[in-house]
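Please have the model open while reading.

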Amino acid sequence: MTWSDCLTELNDGVMAAFAETVTLHLFTGDVEVSAVYSEPVEYTSFQGMPVVRNEYSLEILTSDIADLDLNNGDKATVRGVMFDVIRIDSADGISQIELRKTA
């Protein structure tokens with residue numbers, strides 16, 4: 001098994017266990033995709049270091065959005081709440097999408 005195969009299997013397992021349906025509102029129309037949703041967190045690590053993540057985010061399989069024209073400024077609805085897409089990063093088969101609650 002290659003490294004790429006291992007990453008694909010890991011990503012598929014994470015999505016199967018934790019993904020939920022979210023709606024992306026694109027210029028071309030609305031699209032439902034499976035994504036892992038994360039909210040901002042603040043906690044102290046086991047080594048006593050503070051851990052802070054201020055952003056809301058989605059993790060989506062890159063292959064699931066490869067044919068979509070997803071851009072900064074598009075919108076997403078997660079659990080009935082509307083968000084603005086403010087950053088998209090892709091690596092190792094996963095696209096991480098940083099979100100900000102729409103005012």
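This is a predicted model: local features need pLDDT of at least 70, side-chain atom pairs count only at pLDDT 80 or more; totals for chains, interfaces and linings use all residues.

Residues are numbered from 1 along each chain as its sequence is written, and side-chain values use heavy atoms, with hydrogens and water left out.

**Fold**

Six strands close into a barrel, in the order S1-S2-S5-S8-S7-S6, with antiparallel pairing. Neighbouring strands of this sheet are turned by 45° against each other on average, direction ignored. Helix H1 (residues 3-18) packs on the sheet and touches S1 (20-26), S2, S5 and S8. The direction of H1 makes about 95° with that of S2. Contact means heavy atoms within 4.5 Å. Axes are lines fitted to C-alpha atoms, for helices over the stretch in contact, and angles run from 0 to 180 degrees between N-to-C directions. Helices (H or I, at least four residues) and strands (E, at least two) are DSSP runs, numbered from the N terminus. Two strands pair if DSSP finds at least two bridges between them.

| Strands | Bridges | Bridge partners |
|---|---|---|
| S2 (residues 29-38) and S5 (residues 56-61) | three | Tyr37 and Leu58 |

**Aromatic residues**

Rings of Phe, Tyr and Trp (its six-membered ring) pair if their centres lie within 6.5 Å; planes under 30 degrees apart count as stacked, over 60 as edge-to-face and the rest as tilted. The count comes to three aromatic pairs. Tyr37 and Phe83 form a tilted pair, 6.0 Å centre to centre, with 55° between the planes. Tyr37 lies in S2 and Phe83 in S7, 46 residues apart. Phe83 is buried at 0% relative accessibility. Tyr56 and Phe83 are also tilted, at 5.1 Å and 55°. Tyr37, Tyr56 and Phe83 form one aromatic cluster.

Are Glu98 and Asp84 buried or exposed? Glu98, in S8 (residues 94-101), has a relative accessible area of 15%, so Glu98 is buried. Asp84, in S7 (residues 81-91), counts as buried because its relative accessibility is 18%. Buried means under 20% relative accessible area, exposed over 50%, partly exposed in between (1.4 Å probe, protein chains only). Beyond four places in sequence, Glu98 touches residues including Tyr56 and Asp84.
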